[in-house]
Amino acid sequence: MRTITRTATPVDPLPGRGIRRFVGRDSALESEVMTVGTALYADEFGPMEPHNHAEETVYILDAERAWVRWGSAPDDLPNRIDLESGVVINTPALEWHVFEWEPGGHVELLFIYGQVDDIRPEDMEKDA
């Protein structure tokens, strides 16, 4: 068994969010089959752009004045739910979505991918 603490894992600032890489490729605990970590969407990281990627499940750890929108294209995200602690979201592969918040609000979530390749927009651009 391998363990790591949240506070021992550094925040990697990415466009629109800061992530902590717990399990996966280039993570605190290496894995070739899954990816797990946390993401913080907040003012300090700037706005998130609509994006799509591999199938993902997230568990909302904390949210204040925040929501997620999704739909068929980056400019067509008509669906919206307000976020609160305890919400679980499963996003199908390549579904467009974006996490948003009012100024001073935030979303912190635990993310889980059943793979290690091409899971973030930055990864997909790198491999193209």
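Colleague: Starting with Arg 6, does it count as buried or exposed, or something in between?
Modeller: Arg 6 counts as partly exposed, because its relative accessibility is 40% (buried means under 20% relative accessible area, exposed over 50% and partly exposed in between, with a 1.4 Å probe and protein chains only). Please keep in mind that this is a predicted model, in which local features need pLDDT of at least 70 and side-chain atom pairs count only at pLDDT 80 or more, while totals for chains, interfaces and linings use all residues. Residues are numbered from 1 along each chain as its sequence is written, and side-chain values use heavy atoms, with hydrogens and water left out.

Colleague: Which residue forms a salt bridge with Arg 6?
Modeller: The partner of Arg 6 is Glu 108, and their closest N and O atoms are 2.5 Å apart (a salt bridge is a side-chain nitrogen of Lys or Arg within 4 Å of a carboxyl oxygen of Asp or Glu). The two residues are 102 apart in the chain, with Arg 6 in the segment before S1 and Glu 108 in strand S7 (strands are DSSP runs of E with at least two residues, numbered from the N terminus). Glu 108 is buried, since its relative accessible area is 15%.

Colleague: How many salt bridges does the structure hold?
Modeller: There are seven salt bridges, and one of them joins the side chains of Asp 12 and Arg 21 at 2.6 Å, N to O. Asp 12 is partly exposed at 25% relative accessibility, and Arg 21 is also partly exposed, at 21%.

Colleague: And which residues are linked in a network of salt bridges?
Modeller: That network is made of Glu 64, Arg 65 and Glu 102. Within it, Arg 65 bridges to Glu 102, with the closest N and O atoms 3.5 Å apart. Because Arg 65 lies in strand S4 and Glu 102 in strand S7, this pair ties together parts that are 37 residues apart in sequence. Glu 102 is partly exposed, with 37% relative accessibility.

Colleague: What is the phi of Arg 65 near?
Modeller: Phi of Arg 65 is near 50°, which is a positive value in a residue other than glycine. Most residues other than glycine have a negative phi. Asp 26 has a positive phi as well, of about 55°, and Asp 26 sits in the loop between strand S2 (17-23) and S3, where it counts as exposed at 62% relative accessibility.

Colleague: Switching to rings, how many aromatic pairs are there?
Modeller: The count comes to two (rings of Phe, Tyr and Trp, the last by its six-membered ring, pair if their centres lie within 6.5 Å, and planes under 30 degrees apart are stacked, over 60 edge-to-face and the rest tilted). The rings of Tyr 41 and Phe 99 have centres 4.8 Å apart and planes at 35°, so that pair is tilted. Tyr 41 belongs to strand S3 (residues 35-42) and Phe 99 to strand S7, so the pair ties together parts 58 residues apart in sequence.

Colleague: Is Tyr 41 buried or exposed?
Modeller: Tyr 41 is buried, at 5% relative accessibility, and Phe 99 is buried too, at 3%.

How values were computed:
Helices (H or I, at least four residues) and strands (E, at least two) are DSSP runs, numbered from the N terminus.
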